[in-house]
Amino acid sequence: MRLPIRTATQIHTSLPMSNPKPSIYSHATTIDTTSSLPFNKSQISWGRLKRDMGQCNSPKLGQKWMQYQGINHWEGMLDPLDDNLRWEILRYGQFVEAAYHSFDFDTSSPTYSTCRYPKDSILIRSGMRKSGYKITKNLRATCGVQLPNWISNMTQMPRIQSSWIGYVAICHDKEKIARLGRRDMVIALRGTATCLEWFENVRATLTKLPNHLNDGSNGSPMVENGFLSLYVSKTTTVPSLQDMLREEIGRLIESYGDEPLSITITGHSLGAALAILSAYDITTTFKNAPLVTVISFGGPRVGNDKFRRELEQNGTRVLRIVNSDDVITKMPGFLVKNDDVANDSENVTRLQSWFHRRVEDMQLVYADVGQELRLSSKESSYLKKGDVATCHDLKTYLQLVSGFVSSSCPYANKLTQYSTKAWL
């Protein structure tokens, strides 16, 4: 007899999602790879991987770009992994790497938790000189929790309420637009970096979406308390991440809405969770929004099953890159299969039913969203068996994506070479 509570999915791809709404898509310097960053402690040299990947030609997506953005839920592309899709995943991973590289992690610095570079040079200084994109907006996230003084004194960490968390960029290079088949907007979001962000992460109970984020339909879509707080909180001087994104995305849609356009939101860890919230907000706020795609790396769970259904009904496409050995992807809360819930009284014992009700009462029943590309550090001979931080490291994820073949033959005998020079 199956238990109705699961702590992790075991398949390589998720079940197909609902059909999209047809009306949604009407729009015809050198990176320092030796620095040690929190949850970025892998011994993998991503810089070396980039240098080694200088032999292949960049794929031209052209009229097939929607397939690679998930219009058909990446059907037939994940197992085995399509090489062009691999390129796109790695390319978007570089935008997240740039967010990490540009963040000031030095707690003794007067510019701690800000961006180290001017907006116009972030991509260049992060090794993406030929990206074909320009950054149009810096983004900040504000924590809604206030820590007691004794906790702050004990941790010896500055209590930074609002921190730089990423950016919005748009493809402006004509050759790149031709290769991609459309003009692409990118929202790139880093993972947890400050003390208050860590405290937001552990606020794991589900909470209802506020009226200004909910589209008003029946039911109660719910999301993790701390993630929502980081998305909607603001100060007297800093607007919320939600407000900044709405303003910038609205401006860009108005500027480029008469040409083929896409919005790709990519993030790692906390950034992956905020990417999901951003996608939900964009598709519910802008009825003329183009295809919105999320490429997430090592993301935690975000919301309940009602939230998942609304996200999919709005046409958002989500590709979650998951390392089976990464505990962060198994948190927070519990997963419950829909058929188990529907047949709860018939198929499970009283003890199981009681446990399920208690978990629901505690607002800890989550649902995974989108499609899943499941990888494993243990199955790769090119990775040292690492600790929790290494398995969660973005560099680990990029290395795994680079070498993954299929579920039946996870990693090739010889690491496949892919050229980052072509897609940067």
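Quick housekeeping: residues are numbered from 1 along each chain as its sequence is written. Since the model is predicted, local features need pLDDT of at least 70, side-chain atom pairs count only at pLDDT 80 or more, totals for chains, interfaces and linings use all residues, and side-chain values use heavy atoms, with hydrogens and water left out.

Let's start with arginine 190. You'll find arginine 190 in the loop between strand 4 (183-189) and helix 7 (195-201); helices (H or I, at least four residues) and strands (E, at least two) are DSSP runs, numbered from the N terminus. Is arginine 190 buried or exposed? It counts as buried, because its relative accessibility is 0%. Buried here means under 20% relative accessible area, exposed over 50%, partly exposed in between, with a 1.4 Å probe and protein chains only. Its charged end sits over the ring of phenylalanine 103, 4.2 Å from the centre (the rule is NZ of Lys or CZ of Arg within 6 Å of the ring centre and within 35 degrees of the ring normal). The side chain of arginine 190 also reaches the backbone oxygen of tryptophan 164 at 2.8 Å.

On to rings. There are four aromatic pairs, meaning Phe, Tyr or Trp rings (for Trp, the six-membered one) with centres within 6.5 Å; planes under 30 degrees apart are stacked, over 60 edge-to-face, the rest tilted. Tyrosine 92 with phenylalanine 95 is a tilted one, at 6.2 Å and 35°. Both lie in helix 3, three residues apart, and both are buried. Tyrosine 280 and phenylalanine 307 are also tilted, because their planes are at 35°, with centres 4.9 Å apart. That pair joins helix 10 (residues 270-285) to helix 11, 27 residues apart.

Helix 11 (residues 305-313) has seven of its nine residues buried, including Lys306, Arg308 and Glu310.

Now the cores. A nonpolar core is a set of buried Ala, Val, Leu, Ile, Met, Phe, Trp, Tyr and Cys residues joined through side-chain atoms within 4.5 Å. The largest has 49 residues, and Phe95 is among those touching the most other members. Helix 3 (residues 83-102) gives the largest share, nine residues. Apart from that core lies another of 48 residues, Ile165 and Phe227 among them.

The cut-off is two cysteine sulfurs within 2.5 Å, and the structure holds zero disulfides.

Note on methods
A polar contact is a pair of N or O atoms within 3.5 Å; within protein, one must be able to donate a hydrogen and the other to accept it, and residues adjacent in sequence count only if both atoms are side-chain atoms.
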